[in-house]
Amino acid sequence: MSILVFIEQRDGRIRSVSHEALGEATRLKSALGGEVIGVLPCAADPGGASLGAAGADRVRIATHPSFGAYHPAGYTRAVLDAVEEIEPALLLFPASSLGKDLAPRVAARLDVGLASDCTALAVEGGRLIATRPVYAGKAIQKTGFTKAPAVASLRPKVFAAANAGAAGVIESVPVSYDAATSRARLLRTAAAAGGKVDLTESEVIVSGGRGLKGPENFKLVEDLAEALSATVGASRAVVDAGWRPHSEQVGQTGKTVSPKLYVAVGISGAIQHLAGMSSSRCIVAINKDPEAPIFKVADYGLVGDLFEIVPALTEAVRKLNAQHV
Ligand SMILES: Cc1cc2nc3c(=O)[nH]c(=O)nc-3n(C[C@H](O)[C@H](O)[C@H](O)COP(=O)(O)OP(=O)(O)OC[C@H]3O[C@@H](n4cnc5c(N)ncnc54)[C@H](O)[C@@H]3O)c2cc1C
């Protein structure tokens, strides 16, 4: 009853979502038994050795010259090869952009269901149960699996990474796959400018909405974000207005985030926005309307004018930072 975990790397760096998936697999191993095995498609080993300490008993480095960048059909082949050999009870993916593309491909080829974007996994009465928000976060669904392997993708930043364990066994397995026959090809990856941390991997996010009145006032959000070492996010209203890039949009048609701290500035809290951030650990809302729906999910609510509150907050955080240098 092994657990197979797809390991995601980008530019040779293992992504934190993979450490989280390995952490959850290690936790479930005590209930399911078997081994935790990672499958890492790549062109050259990007340091799979460290994955042993991240919770994998075994890491299968699936190599192919075309795997320098994401290769949908090739990665699918690599994971299917591992499934055929290992016959896992459970197959985990991160619900990252790449995982959202790959997991359904693999599940379809295996003719099994996929529980996507899970926020919890548990073994109840010997059966694996996945918990996942549905209908833009309005309801929480608990779902079981009727066929093996159970396939699930995990929402980033929700699951804890494993504590360091014993070094796992690393094996390199070449993938037999003709890249020229692939019907889909990755032409280009457009990375966010300035080496910014991906929103989905951020521990702290400060997001701005239409309450800021204009793109020039986003400086207030950026200043607070800088003081908090946070990443800037945005509501769809301001992205649609062209104030901010789509890469910053949080919500149903943007990114799903679960940071430790989410600060919503001048955001009303429409259901489509809440769908992308309500699983954040601590939510602080700043809004002049006490009836704004964002306050229903906020842990701390500041009712008032953001143009007064945000600069004062930034100043206070800067003072605290200065005391702790
Ligand atoms: C299919 C679909 C998908 C969608 N996907 C997304 C999505 O992914 N993400 C998303 O965000 N939205 C999404 N939306 C849009 C969503 O419904 C809302 O329209 C949007 O979130 C509103 O953005 P906002 O909160 O910035 O603006 P508004 O709703 O206009 O809210 C502005 C807030 O600022 C407050 N405010 C104004 N002035 C001040 C001030 N001086 N001080 C303090 N507060 C002030 C107001 O009280 C108000 O609450 C989607 C909609 C649809 C139909």
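**Salt bridges across the chain**

Asp111 and Lys147 form a salt bridge through their side chains, with 3.3 Å from N to O; the term covers a side-chain nitrogen of Lys or Arg within 4 Å of a carboxyl oxygen of Asp or Glu. Distant parts of the chain are linked by this pair, as Asp111 sits in the loop between α4 (97-110) and β7 (114-118) and Lys147 in the loop between β10 (139-143) and β11 (150-154), 36 residues apart. Helices (H or I, at least four residues) and strands (E, at least two) are DSSP runs, numbered from the N terminus. The model is predicted: local features need pLDDT of at least 70, side-chain atom pairs count only at pLDDT 80 or more, and totals for chains, interfaces and linings use all residues. Residues are numbered from 1 along each chain as its sequence is written, and side-chain values use heavy atoms, with hydrogens and water left out.

Asp111 is exposed, at a relative accessible area of 54%, and Lys147 is partly exposed, at 44%. Here buried means under 20% relative accessible area, exposed over 50%, and partly exposed in between (1.4 Å probe, protein chains only).

By the salt-bridge rule the count is 20. One of these joins Arg58 to Glu171, 3.0 Å from N to O. Arg58 belongs to strand β5 (residues 58-63) and Glu171 to strand β12 (residues 169-174), so the pair ties together parts 113 residues apart in sequence. Arg58 is buried, at a relative accessible area of 18%, while Glu171 is partly exposed, at 23%.

A salt bridge also connects the side chains of Glu203 and Lys157 (3.0 Å, N to O). Lys157 is buried, with a relative accessible area of 12%, and Glu203 is partly exposed, with 36%.
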